[in-house]
Each structure stands twice: as structure tokens, then as C-alpha cells.
Amino acid sequence: MRLKSFYAKSIPEAMRMVRLSLGGDAIIVATREEDGGVRVTAAIEEEESGRSPSARGGRTRAPPPPEDTIDVAQEVTDALHRHGTPAAIAEKMVNAIVGLDTDDPVKALGAALNSVFGFHPLGEGRFERPLMLVGPPGVGKTLAVAKLAARAVFGNRSIGIITTDTVRAGGVEQLAAFTRLMKLRLFTVEDPAALADAIDVNQGAEQIVIDSAGRNPFNTEDMAELRRLLAANPVEPVLVLPAGIDAAEATEMSTLFRGMGVRRILVTRLDLTRRLGSMLAAVYESHLDFSDMSNTPRVANGLTPLDSDTLARLMMPSPERPPRKTGSHS
Ligand SMILES: Nc1nc2c(ncn2[C@@H]2O[C@H](COP(=O)(O)OP(=O)(O)OP(=O)(O)O)[C@@H](O)[C@H]2O)c(=O)[nH]1
Ligand SMILES: [Mg+2]
């Protein structure tokens, strides 16, 4: 007799995993609630060859997927659970990889992420449109602008930096300190027309990046002001949001910013966050694509283009490869 336990958010989901793993002859020997989900332990008689009876001929049942695949699916399920991923999203992801031919759980998680999420990094070449980093106050917009500026300067690409954050005391000075250091000119604008002029002046640059004032997505005046800035200019607004905030809040915020034309999200503070489920929920529910991620307060090499494999490695760090340590500002 062989015993195996399965964790899932619901009994039907756990039963589906039991069937996939052990076939229809498995007997449930225990179920118990655990961490808001359920752990089901199932048993199966094994023949001398070590194969389960369901693997015998005589009955018309689809053969269960290879053992490795199921163990991998189980590891991915466990990882998604550890990250607090909502059950519906986790189930969709795990369903996408049942039958995938790999025994590497990180690769499987990458495939699962890729099947459900879009990845569209900001890129290093010429930007199609000027990027305006938008989001609630204090999420890391200005630091991300500085990081993009550093990335362009180190890569010998021309970049124009503009700030519209003239509202907050010190908003301009914070970015000016970075641009001075990098010997870049900072354009400060106060209204939509001035932004159009500043974009025009920088038209020759390969990239144009615009910092914006923090906007409370639940404040209609704040959002109306942002809408006016965006409507008058051909810029792409990119949402900046930290990982680790409550899933429902993050989802509501992302959805409101999507309503302003946002299609990509830049996720910050990944060095300060161990559970990424709320971020997955927000991005899934608001139909945004992942772009880059920030996992350090340092400016140099501070942004990483996000693809499904990079995100999977972040979610399932191997013991040999712990997450990168962070330091102080540079
Ligand atoms: N550890 C860490 N700190 C970060 C990261 N991104 C931003 N920060 C810190 O978060 C704080 C706020 O960053 P800002 O770039 O000023 O945020 P902002 O969105 O421009 O803020 P407002 O302009 O006030 O709306 C700063 O102390 C940053 O150093 C990150 O990825 N990791
Ligand atoms: Mg700022």
C-alpha cells in the first residue's frame, strides 16, 4: 500500500489531484483542514511490480500522467499556496501544466505563469512611446525613473527625463539629485501643454521617461488630473505598485489605473516581500502585463526585466541560490 498526501484549496480540487496522481482506485484515508485549504491523504494498493492496479489493462481509463509530472504539479501547487495565491488562479495555473513533460518544478511554475500571465518588459532599445510611471504615493516611481535613467546611461542610450511631480515638496529635488549625478537634464513641467513641449524637445532621444506625482486611485480629483495629463499626450502610463500589499486593495488599485489606460505593471519592493500571491491576483484580475521588477533600493542595475522563468525562480528560490541581498542607497 502506498500513501500520498495532497494539499489543495478545496476538496474537489484535492480529489482531482488524487485521481490524476493515483488513478481511480485510490482510497481516501484522511482529510484535514490546513492553512485555509484541505490536505487529503490517499492510499493505493500496489502490485508486485510497484504499479497501481489502475495502470493494468482491462478498463477504459486514461492512464494517469507520469509520476514525475504529478510530483511537479504538487510542488507547484504547494509553492502557489505558500505565496497565498487565490485558489482559482492557482488551479488555472496547475491545470495548464498537467501533462507537461518536465521534472523541474521551477520550469513547470514558469510554464504555469506563462500560461496565465502576459510578460512585456520595458526593453532596452527605443521606446515606442514616452513612458510615464504612475501609481499611488510612495510606491517607488521616482526611484524607478532613476533606475531607467541609469540603465540608459550605462547602456550608452540617449534618454530624456521629465517630471510632472511639482505637487509634493521635494518631488523635483529628489529626481534632480539623481539626474545631476548622471549628468542628465531634468525637465520639470506643471501642466499637459508643458508636458507636450518637453516631449517635443526630447523627441530625438531613444527613450523618454516621465515621473509623476503619487495619485490616490480612490480620489476622483487625483485621477481626473492624471487623466488630463494622459489625454493630452501620447504617453504610455506604466503602473508602479509594490508587491506584498493586500490582494483586494492591489486588485482594486490596478483596475482603477487600468481604466486610465495602463496596460503594464512594474512591481517594486520584491526584496521586502516573501509572498507574491496578492500581486499575482492583482495582475490577473486587472488584466495587466508584467514589465520589470525592482528588488533593491540601489539605482545601478536596479530593474530586472520580468519574464515567466525569472518570476518562477523568484517564487521558488533554490537553497543554493537564495534571493539577492540588498544594501543601502547608492
Ligand atoms: N527596498 C526597496 N525599496 C524601494 C524599492 N523601490 C522603492 N523603494 C523605496 O521606497 C521609497 C519611496 O520611493 P520613491 O521612488 O520616492 O516613491 P514614489 O512613488 O516616487 O513616491 P511619491 O513621489 O511620494 O509618490 C524610497 O525610500 C525608495 O528607496 C525597492 O524595490 N526595494
Ligand atoms: Mg516620486
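Predicted model: local features only at pLDDT ≥ 70, side-chain atom pairs only at ≥ 80, totals over all residues.
## Buried aromatic residues

A residue counts as buried when its relative accessible area is under 20%.

A search of the whole structure finds 3 aromatic pairs. In one of them, the rings of Phe 117 and Phe 290 have centres 5.6 Å apart and planes at an angle of 55°, so this pair is tilted. Because Phe 117 sits in the loop between α4 (105-116) and β4 (118-119), while Phe 290 belongs to strand β11 (residues 289-294), the pair ties together parts that lie 173 residues apart in sequence.

Phe 290 also forms an aromatic pair with Phe 119, and here the rings are stacked, with 5.3 Å from centre to centre and 20° between the planes. Since Phe 119 lies in strand β4 and Phe 290 in strand β11, this pair ties together parts that are 171 residues apart in sequence. Both Phe 119 and Phe 290 are buried, and ring pairs link Phe 117, Phe 119, Tyr 284 and Phe 290 into a cluster.

## The surroundings of ligand 1

Ligand 1 is surrounded by 20 residues, of which the closest are Lys 141, Thr 142, Leu 143, Asp 271 and Ser 294. Sorted by class, this shell has 10 polar residues, 5 nonpolar ones and 5 charged ones. Helix α5, which covers residues 141-154, gives the most to the shell, with 3 residues.

Backbone atoms of the protein approach oxygen atoms of ligand 1 at several places. A polar backbone atom of Val 139 is 3.0 Å from an oxygen atom of the ligand, and a backbone N or O atom of Gly 140 lies 2.9 Å from an oxygen atom of ligand 1. For Arg 269, a backbone N or O atom is likewise found 2.9 Å from an oxygen atom of ligand 1. Taken alone, ligand 1 exposes 650 Å², and the protein buries 83% of that area.

## Ile 161 in strand β6

Ile 161 lies in strand β6, which spans residues 159-163, and with a relative accessible area of 0% Ile 161 is buried. When residues up to four places away in sequence are left out, Ile 161 touches Val 145, Ala 149, Leu 175, Thr 179, Leu 184, Arg 185, Leu 186, Phe 187 and Val 209.

How far apart in space are Ile 161 and Asn 202, C-alpha to C-alpha? The two are separated by 41 residues in sequence, and their C-alpha atoms are 8.5 Å apart.

Conventions
Residues numbered from 1 in each chain as written. Chains lettered and ligands numbered in written order. Heavy atoms only, no water. Near = heavy atom within 4 Å. Polar contact = N/O pair within 3.5 Å; in protein donor to acceptor, adjacent residues only side chain to side chain. Areas by Shrake-Rupley, 256 points an atom, 1.4 Å probe, with all protein chains shown as cover. Helix = DSSP H or I, 4+ residues; strand = E, 2+ residues; numbered from the N terminus. Nonpolar A, V, L, I, M, F, W, Y, C, P; charged D, E, K, R; others polar. Phe/Tyr/Trp six-rings, centres within 6.5 Å; stacked < 30°, edge-to-face > 60°. Buried < 20%, exposed > 50% of the residue type's maximum accessible area, 1.4 Å probe, protein only. Contact = heavy atoms within 4.5 Å.
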